[in-house]
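Hello,

Here is the structure I promised to pass on to you. Have a look at it first, and then read on for what I found.

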Protein chains: 2
Amino acid sequence: MVGTFYYIGSIFLKKHSNLTLKVYQRIIELMLNYEIVPGQRLVFIDLAKQLGVSRTPVNNALSILAQEGYLDFVPNQGYSVHKLTKQEAEFLFEIREVLEVGFLGKAIRNMDDKNMKWLKKRKNDYEKAISSHVDRKLFILDTEFHASILDMVGNDILSARYRDICQKIFLRFRTEDLRLNRILDIKIEHNDIFEAVCVRDVERSKDLVRLHHKSSQQNLFPIIFPTD
Amino acid sequence: MVGTFYYIGSIFLKKHSNLTLKVYQRIIELMLNYEIVPGQRLVFIDLAKQLGVSRTPVNNALSILAQEGYLDFVPNQGYSVHKLTKQEAEFLFEIREVLEVGFLGKAIRNMDDKNMKWLKKRKNDYEKAISSHVDRKLFILDTEFHASILDMVGNDILSARYRDICQKIFLRFRTEDLRLNRILDIKIEHNDIFEAVCVRDVERSKDLVRLHHKSSQQNLFPIIFPTD
DNA sequence: GCATGATATATTGCATACAATGATCAGTAT
DNA sequence: ATACTGATCATTGTATGCAATATATCATGC
């Protein structure tokens, strides 16, 4: 179950909530669990029946998700799950890298022992999950490793946006797209980044992060976008 | 009239649209024109009456705007226009700068004569608007000057997000907050940036942009957040 | 056989009725 | 006076009916 990990909109359901937000969250879960997939059309009444609510909260939730770019919307025609294009994925990778590299210096300057322990924990989480090929766990834990570095900046808006970008990317992928050798490479590269960050070597960290993203892109894109 | 310039969500109303999107756009206009102001509560029925529609599309539009961070929302209590805190403004400034500086090199490398002319036009637009103190025109034209540089990168998602960040910031300000001497300084600083970009001096451009944002922040924040 | 047009069907869009919730205010007890 | 309780009111939340729109089906004509 990945339900506790989604980032979209950074909404945290509280005791006081409404159906719109619950439906919104549920749809994200459906996307993360491949129960609805990129390209698939979403029909109000079907979703409403499936979730046991009326069309109103479904309509609301879909409006929000469309605005965030997770769904496509055509007036009078309806909603469908957005299928990220190769170009969009490139755009997002590019933004992701600029943010990560751009804030790495501040993150490292801000880092304390607590941060470092936390980061190590995220690194271990990824490694421990390598064997268990469930859902999108690896994508999420990979993202969490990187995001944990950025979290040290202390800029909540940045943290939320970074996670949103990563999620938009990995929602396009399937776990099978990550081949084992790439998974193990990621582990090694994370280790290298972790070491460089720990010794506060900003320039080396930046280089390693750039290299890491480049490798990920080179490995995944031919699989995800074979024709383009 | 600033209606043609808003960025939120980058939705462009087409022939086929629906009331939700029209209401959404209208509320943005109301925010830009100070007809609804930060902190103000938004009541469904009032807005619906004012815009001549039912509560349904208003509800939809407000959900979207809340998700984007332009409105605050408390379930069973309602919506209010978000009043950006000093910290949030600092966070946004920080992100803005990292994006702008981080992509400046690529922008300059991509620049051709057409881009350069376009940028000069944006620079002139700002200068011409200095005398006409209407609405948020200066904020918008200032943003457009900077965004025009980033547009050269050719990353649509980046361009949209950059404008969104700027808009979130300047929605918190009022035109009166920009004092004349700062307005004239901006003109000079834009000129310097423009020159550096034109001669493709990436490092100098970056320094000037950083300086420019720092000055803006130092001038505006004491006025906008006097107590904090 | 293919294009065209009319009809039927499915789905979205909007308004509204009713229910649920929270805020306000008055009244009572301490 | 202040704190508590209950009734009233305002507003949000949800479901649903009907209208508008788009799509699919089928018949007709060439």
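**Between the two chains**

Four salt bridges are found by the rule across the interface of chain B and chain A. One of them joins the side chains of B:Asp164 and A:Arg161, with 3.1 Å from N to O. Please keep in mind that this is a predicted model. Polar contacts also cross the interface of chain B and chain A: there are 14 such residue pairs, with both residues at pLDDT 80 or more.

Which elements make up the side of chain B that touches chain A? Helix 1, helix 3, helix 4 (86-110) and helix 7 (156-170) of chain B each give two or more residues to that side. Helix 4 of chain B has the largest share, ten residues. By class, the side of chain B that touches chain A holds 16 nonpolar, twelve polar and eight charged residues.

The contact takes 36 residues from chain B and 36 residues from chain A. About 2,900 Å² is buried between the two chains, and carbon and sulfur atoms give 60% of that area. On the chain B side, the residues that lose the most area to chain A are B:Gln67, B:Phe91 and B:Arg161, which together make up 22% of what that side buries.

**How the copies are related**

**Around DNA strand C**

You will also see DNA strand C, which is surrounded by 21 residues; the closest are A:Arg55, A:Asn76, B:Leu19, B:Ser54 and B:Thr56. Of the atoms of DNA strand C that come within 4 Å of the protein, 77% belong to sugar and phosphate. One phosphate oxygen of DNA strand C lies 2.5 Å from a backbone N or O atom of B:Leu19.

Helix 3 (55-67) of chain B, helix 1 (19-32) of chain B and strand 1 (41-42) of chain A each supply at least two residues of the surface near DNA strand C. Helix 3 of chain B gives the most, with three residues. In all, that surface has eight nonpolar, ten polar and three charged residues.

Best wishes

Key:
Residues numbered from 1 in each chain as written. Chains lettered and ligands numbered in written order. Predicted model: local features only at pLDDT ≥ 70, side-chain atom pairs only at ≥ 80, totals over all residues. Heavy atoms only, no water. Near = heavy atom within 4 Å. Polar contact = N/O pair within 3.5 Å; in protein donor to acceptor, adjacent residues only side chain to side chain. Helix = DSSP H or I, 4+ residues; strand = E, 2+ residues; numbered from the N terminus. Nonpolar A, V, L, I, M, F, W, Y, C, P; charged D, E, K, R; others polar. Contact = heavy atoms within 4.5 Å. Buried area = accessible area lost by both parts, 1.4 Å probe.
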